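Subject: Structure handover

Hello,

Here is the structure I promised to pass on. Please open it first, then read my notes below.

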Amino acid sequence: MKKYIVLTVLFILPIVAYMFFATASHNSLFLPVISKNHAELSSEFVSLNGEKVVLNKNITVLGFPGSNIEEVKANLFNLNQKIYNKYGGFKDFQMVMILPDGNQEKIKAIMLEFRRLSNDLKNWHFLFGKPVAIETYYNTYKFKNKLDAFTGSPFVYILDKEKSLRGRKGQKIKGKVEYRECYNTISAAELHNEMSDDVKILLREYRLALKKNKRKDDFRDKIEQEVIKK
């Protein structure tokens, strides 16, 4: 019986994984790097549950909700439903939100509501710090958008395991150059379409790299070639 279980895992699981990643409609096998060598999270930020949170070696959705929690509550729900519920179970994937100190109880209340919609919230991380420290850290990225009066922004960003900002740049259709460094959490449609697609491509990129470096065999190589064709 064990033999059949092992065979099933070896042959069926890669096919299922391929089918999942191949559904991405993005026209690139890899998600472009927008900027590199970003700083690790500041030691001034304290997490909601006291755990140590780092960007290095994690695929991170980074956000700055700000202190106007009631206004951005719906944005966080959009992120949870459209992104976290799809990818929260992947190893090394995390959501990191940095916001001003003093909002811990409001975030705890939101997390209680999340628990009604999500089974596992261990990869949701909320960090708190002084507004000036948040703004200083935010400015190191040189994002095109600025933080508002509540030290917040509706936009979120995708960082890879090397702390590089990922997004879209280049020619999407003839005569039109596409550039995207962030995703608007106000728009559930944008999260569901563009952002979900881009996160999927980044996860696929690392998975293909892992297979190429550590798990070579003819069967898996054939799957990779089919993905590349797509």
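Start with a strand pair. Strands S6 and S10 (residues 183-184) run antiparallel and are joined by two bridges. Strands here are DSSP E runs of at least two residues, helices are H or I runs of at least four, and both are numbered from the N terminus. Two strands count as paired if DSSP finds at least two bridges between them. Tyr183 in S10 is the bridge partner of Val156.

Before going on, some ground rules. This is a predicted model, where local features need pLDDT of at least 70, side-chain atom pairs count only at pLDDT 80 or more, and totals for chains, interfaces and linings use all residues. Residues are numbered from 1 along each chain as its sequence is written, and side-chain values use heavy atoms, with hydrogens and water left out.

**Overall**

The chain has six helices and 10 strands. Of its 230 residues, 47% count as buried. Buried means under 20% relative accessible area, exposed means over 50%, and partly exposed lies in between (1.4 Å probe, protein chains only). Take the contacts between residues at least 6 apart in sequence: 79% of them join residues at least 24 apart. A contact means heavy atoms within 4.5 Å.

**More on S6**

S6 spans residues 155-159, and four of its five residues are buried. It also pairs with strand S3 (residues 59-63), antiparallel, over four bridges. Leu159 of S6 is the bridge partner of Thr60 there. Strand S7 (residues 165-166) pairs with S6 too, antiparallel, over two bridges. Ile158 has Arg166 of S7 as its bridge partner. S6 and S7 form a hairpin, with five residues between them. In that turn, Lys163 has a positive phi of about 65°.

**S3 and S4**

S3 also pairs with S4, this time in the parallel sense, over five bridges. How many residues of strand S4 (residues 93-100) are buried? Eight of the eight are, so S4 is largely enclosed by the rest of the structure.

**Leu127**

Leu127 lies in strand S5 (residues 124-129). It is buried, with a relative accessible area of 3%. Leave aside its neighbours within four places in sequence. Leu127 is then in contact with several residues, including Val96, Met97, Ile98 and Leu99. Leu41, Phe45 and Val53 are also among its contacts. Glu51 is 76 residues from Leu127 in sequence, yet their C-alpha atoms are 9.8 Å apart.

**Arg168**

Is Arg168 buried or exposed? Arg168 counts as buried, because its relative accessibility is 7%. It sits in strand S8 (residues 168-173). Its side chain makes a polar contact of 2.9 Å with the side chain of Asp198. Another, of 3.4 Å, joins it to the side chain of Glu178. A polar contact is a pair of N or O atoms within 3.5 Å; within protein, one must be able to donate a hydrogen and the other to accept it, and residues adjacent in sequence count only if both atoms are side-chain atoms.

**Two helices**

The axes of helix H2 (residues 69-87) and helix H3 (residues 104-114) come within 11 Å and cross at roughly 35°. Axes are lines fitted to C-alpha atoms, for helices over the stretch in contact, and angles run from 0 to 180 degrees between N-to-C directions. H2 contributes Ile69, Lys73, Leu76, Phe77 and Asn80 to the contact. H3 contributes Lys106, Ile107, Ile110, Glu113 and Phe114.

Best wishes
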